[in-house]
Amino acid sequence: MTDLTPTETKDRLKSLGLFGLLACWEQLADKPWLREVLAIEERERHKRSLERRLKNSRVAAFKPMTDFDWSWPKKIDREAVDELFGLGCLATGHNAVLVGPNGVGKTMILKSLAHQAVVRGHTVRFSTASDMLADLAAQESSAALARRLRRYKSIRFLRAIRRLMRRHSRSSATRSKRSSGSHH
C-alpha cells in the first residue's frame with residue numbers, strides 16, 4: 001500500500017464514515033495498522049457494493065461476449081456493439097435497445113453489457129419489455145405506479161428489450177396467410 005499523507009488518510013476515514021477514528025486522529029495518526037485497516041475496509045465495502053449491485057441488476061446467468069458467435073446473425077454492427085461496451089451511453093443517459101428476430105443474441109449481448117457496467121461500478125437494472133410492463137401494470141395505485149416509474153427513470157442504464165414488433169414478423173405473417181389461402 002502506498003504511503004498516504006495525513007490529509008489523504010483523514011479524507012479516506014471521512015469518506016468511509018469512520019468518524020470515531022477521525023475524532024481520535026491525534027492518537028492514531030502514527031499507528032502502523034491504520035492504513036491497513038483503511039485498505040481492508042475499502043476492499044470489503046467495494047466487494048459488498050459489487051455483490052449488491054450484481055444482485056439488484058437482475059442480470060442472472062448469462063454467457064460472456066467471448067462466447068458470442070459473430071457469424072450469426074448475418075447482419076450485426078460489431079462496431080456499434082463494441083462502442084456500447086465502452087459504456088459511453090452511460091455518460092449521455094441513453095439506453096441500449098437491440099432489435100432482431102428471436103435467437104440472434106440480443107439478450108446475451110445486453111446481459112453481458114449490463115454485467116460489464118456493474119463490474120465497472122455502475123448501477124444497472126436488467127428487464128425485458130414484457131417484465132417491465134407487467135411490473136408497472138401490477139402497481140395497485142397511481143401513487144405506487146408513479147414511484148415505480150421514478151425508480152425506472154432514475155436508473156441510467158436500463159431496459160433490455162427482448163422482443164420488438166419488426167417488419168420481419170409482419171412480412172412472415174403475410175407470407176403465411178398467402179400460402180395458407182387466408183384472405184382478410
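A residue counts as exposed when its relative accessible area is over 50%, and as buried when that area is under 20%. The legends below use these words for a predicted model.

Figure 1. R58 reaches a relative accessible area of 51%, so the residue is exposed by the over 50% cut-off. R58 sits in the loop between α4 and α5. Its phi is positive, at about 60°. R58 is not a glycine.

**Figure 2. The chain as a whole.** The chain holds 184 residues, and 32% of them are buried. Its secondary structure comes to 10 helices and 2 strands. Read from the N terminus, the order is α-α-α-α-α-α-α-β-α-α-β-α. Take the contacts between residues at least 6 apart in sequence: 68% of these join residues at least 24 apart.

Figure 3. Helix α1 spans residues 6–15. Its buried residues are T9, R12 and L13. These cover an arc of only 100° around the axis, which puts them on the same side of α1. An α-helix has 3.6 residues a turn, so residues three or four places apart point the same way. The face of α1 turned away from the buried side carries exposed residues: T7, K14 and S15. What do the buried residues of α1 pack against? They pack against α2 (19–23), α3 (25–28) and α4 (34–57). After α1 comes G17, with a positive phi near 75°.

**Figure 4. The largest nonpolar core.** This core has 19 residues. Which of them touch the most other members? They are M65, F85, I109 and L113. Helices α5 (78–85), α6 (88–92) and α7 (106–119) each supply at least two residues of the core. The most comes from α7, which gives 7 residues. In soluble globular proteins, nonpolar side chains tend to be buried together.

**Figure 5. M65 and its contacts.** Residues up to four places away in sequence are not counted here. On that basis M65 touches W70, V81, F85, M108, I109 and S112. A second, separate core has 7 residues. Its members include L13, L18, L28 and L38. L13 is also one of the buried residues of α1.

**Figure 6. The largest pocket.** The volume of this pocket is about 330 Å³. Its lining has 15 residues. Nearest the centre lie P73, K75, I76, V99 and G100. Which elements give two or more residues to the lining? They are α5 and α7. By class, the lining has 10 nonpolar, 2 polar and 3 charged residues.

**Figure 7. The cis bond at P73.** The peptide bond from W72 to P73 is cis. Its omega is near 10°. P73 lies in the loop between α4 and α5. P73 also belongs to the lining of the largest pocket, among the residues nearest its centre.

**Figure 8. L87, a buried residue with positive phi.** L87 lies in the loop between α5 and α6. Its phi is near 65°, a positive value in a residue other than glycine. Is L87 buried or exposed? L87 is buried, with a relative accessible area of 8%. Neighbours within four places in sequence aside, L87 is in contact with L113, Q116, A117, R120 and H122. One of these, L113, is among the core residues that touch the most other members. L87 and A114 are 27 residues apart in sequence. Their C-alpha atoms are 9.6 Å apart in space.

**Figure 9. V59, a buried loop residue.** V59 is found in the loop between α4 and α5. Its relative accessibility is 3%, so V59 falls under the 20% cut-off and counts as buried. What does V59 contact, its neighbours within four places in sequence left aside? The contacts are K111, A114, H115 and F126. V59 and L113 are 54 residues apart along the chain. Their C-alpha atoms are separated by 9.7 Å.

Note on methods
Residues are numbered from 1 along each chain as its sequence is written. This is a predicted model: local features need pLDDT of at least 70, side-chain atom pairs count only at pLDDT 80 or more; totals for chains, interfaces and linings use all residues. Side-chain values use heavy atoms; hydrogens and water are left out. Buried means under 20% relative accessible area, exposed over 50%, partly exposed in between (1.4 Å probe, protein chains only). Helices (H or I, at least four residues) and strands (E, at least two) are DSSP runs, numbered from the N terminus. The arc is that of the directions from the helix axis to the C-beta atoms. Contact means heavy atoms within 4.5 Å. A nonpolar core is a set of buried Ala, Val, Leu, Ile, Met, Phe, Trp, Tyr and Cys residues joined through side-chain atoms within 4.5 Å. On a 1 Å grid over the protein atoms alone, a cavity is a set of points where a 1.4 Å probe fits but cannot get out, and a pocket is an open set with protein on both sides within 12 Å along at least five of seven lines; lining residues have an atom within 4 Å of a point. Grid points are joined across faces, edges and corners, and a volume is the space filled by probe spheres set on the points. Ala, Val, Leu, Ile, Met, Phe, Trp, Tyr, Cys and Pro count as nonpolar, Asp, Glu, Lys and Arg as charged, and the others, Gly among them, as polar.
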